[in-house]
Every structure is written in C-alpha cells, then in structure tokens.
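Please consider the sequence and the structure shown below. This briefing is arranged by topic for reading beside them.

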Amino acid sequence: MRGKEYLEELKRLSIFIKQRERELEELKERAYGVSAVNTEREKVKGGRKPLCTAVDKYIDREREIHKIIGEYMDKKHCIIGEIQRMKNPLYAEILYKRYVEFESLEKIADEMNYNYNYIRRVHGYALKEFEEEGLGVNG
C-alpha cells in the first residue's frame with residue numbers, strides 16, 4: 001500500500017463512523033420514537049414485538065460503531081507515531097495536519113504562512129519520504 005493510501009484510511013474510517021452514527025440516530029428514532037410502534041393494529045406472528053426488534057438493531061449498531069471507533073483510534077495512534085518518526089519536522093507537520101486533522105493544503109498553507117504551491121510541492125516530498133522510510137508499510 002502506498003503511503004498516501006495508508007494515511008487516507010483515517011479519513012475513510014472517520015466518514016464511515018459518521019455514516020453509521022447517522023444510521024444509529026435513525027434507528028434510535030424508530031426504536032424510541034412515538035411513532036415507532038402502533039400496538040393497536042400490528043399483529044406479530046410468534047415473534048418478537050417490533051419495538052424489541054428495533055431496540056435490538058439499535059444495540060447491535062451501537063456495538064458495531066464502538067468497535068469501528070476502537071479501530072479508528074488504534075489506526076490514528078499508529079499513524080501519528082509514524083508521522084512523528086519522520087526526520088523532517090516540516091514534512092511531519094504537513095502530513096499531520098493533512099491526514100490526522102483532515103485539513104486542506106490551502107488551509108495548511110494559510111496557517112503556516114506559506115504559499116499554496118510550495119505546500120503542495122512539499123506535501124509531495126513528505127509523502128515520498130514517508131514511503132521511502134518504510135512508514136505505513138505494515139498498516
């Protein structure tokens with residue numbers, strides 16, 4: 001896996017977690033909301049009541065999210081450690097801001113008082129060094 005792909009895994013996991021959390025909110029509304037169950041009209045054939053099923057789904061999804069968050073935190077810790085092992089502090093700072101804090105190169109350039117084209121170029125050098133140092137290989 002290339003360095004950039006490895007570093008981008010944090011963003012992918014972050015997006016996945018946010019999507020699952022939105023799904024969890026929908027399940028919560030169905031499970032605990034006023035309109036979750038119409039007990040007067042629904043007949044359940046030898047199974048669990050719809051509210052129980054909705055609550056079970058909510059609990060299962062919540063467990064899944066906690067597992068993914070754990071994976072995210074482990075991956076984040078590992079990536080931060082690898083970035084911090086880089087020899088060039090400017091490279092480390094750019095990669096940290098880009099792949100841990102999810103900042104755009106434009107914002108990084110502005111925060112660091114550099115020209116955007118310079119940051120874009122240095123970002124490329126930083127990724128190359130990240131790969132050459134063998135960081136992110138076993139990710």
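The points below concern a predicted model and cover its helices, their packing and selected residues.

**Helix α2**
- Helix α2 comprises 24 residues, 9-32. From the first C-alpha to the last, α2 reaches 34 Å, close to the 34 Å expected at 1.5 Å a residue.
- The buried residues of α2 are Glu9, Leu10, Leu13, Ser14, Ile17, Leu24, Leu27 and Ala31.
- An α-helix has 3.6 residues a turn, so residues three or four places apart point the same way.

**Ala54 in helix α3**
- Ala54 is part of helix α3, which runs over residues 50-84.
- Ala54 counts as buried because its relative accessibility is 16%, and the cut-off for buried is under 20%.
- Apart from neighbours within four places in sequence, Ala54 is in contact with Arg30 and Ala31; Ala31 is itself one of the buried residues of α2.
- Between Ala54 and Glu29 there are 9.5 Å in space, C-alpha to C-alpha, although the two are 25 residues apart in sequence.

**Packing of α4 with α6**
- Helix α4 (residues 89-99) packs with α6 at an angle of about 100 degrees, and the axes are 9 Å apart. The two helices are therefore roughly perpendicular to each other.
- On the α4 side, the contact is made by Leu90, Tyr91, Ile94, Leu95, Arg98 and Tyr99. On the α6 side, Tyr118, Ile119, Val122, His123, Tyr125, Ala126, Leu127, Glu129 and Phe130 take part.
- By class, the residues of this contact between α4 and α6 are 12 nonpolar, one polar and two charged.

**Packing of α5 with α6**
- The axes of α5 (residues 105-112) and α6 (residues 116-132) cross at roughly 115 degrees and come within 9 Å. α5 is therefore roughly perpendicular to α6, and their crossing is right-handed.
- α5 contributes Leu105, Glu106, Ile108, Ala109 and Met112 to the contact, while α6 contributes Tyr116, Ile119, Arg120 and His123.
- The contact of α5 with α6 holds six nonpolar, one polar and two charged residues.
- Ile119 and His123 of α6 take part in the contact with α4 and also in the contact with α5.

**Loop residues with positive phi**
- Most residues other than glycine have a negative phi.
- Phe102, in the loop between α4 and α5, is not a glycine, yet has a positive phi of about 60 degrees. Phe102 is partly exposed, with a relative accessible area of 26%.
- Asn113, in the loop between α5 and α6, is likewise not a glycine and has a positive phi of about 60 degrees. Asn113 counts as exposed, at 69% relative accessibility.

Key:
Residues are numbered from 1 along each chain as its sequence is written. This is a predicted model: local features need pLDDT of at least 70, side-chain atom pairs count only at pLDDT 80 or more; totals for chains, interfaces and linings use all residues. Side-chain values use heavy atoms; hydrogens and water are left out. Helices (H or I, at least four residues) and strands (E, at least two) are DSSP runs, numbered from the N terminus. The expected span of a helix is 1.5 Å times one less than its number of residues. Buried means under 20% relative accessible area, exposed over 50%, partly exposed in between (1.4 Å probe, protein chains only). Axes are lines fitted to C-alpha atoms, for helices over the stretch in contact, and angles run from 0 to 180 degrees between N-to-C directions. Angles under 35 degrees count as roughly parallel, over 145 as roughly antiparallel, 65 to 115 as roughly perpendicular and the rest as oblique. A crossing is left-handed if the near helix is turned anticlockwise from the far one by less than a right angle, and right-handed if clockwise. Contact means heavy atoms within 4.5 Å. Ala, Val, Leu, Ile, Met, Phe, Trp, Tyr, Cys and Pro count as nonpolar, Asp, Glu, Lys and Arg as charged, and the others, Gly among them, as polar.
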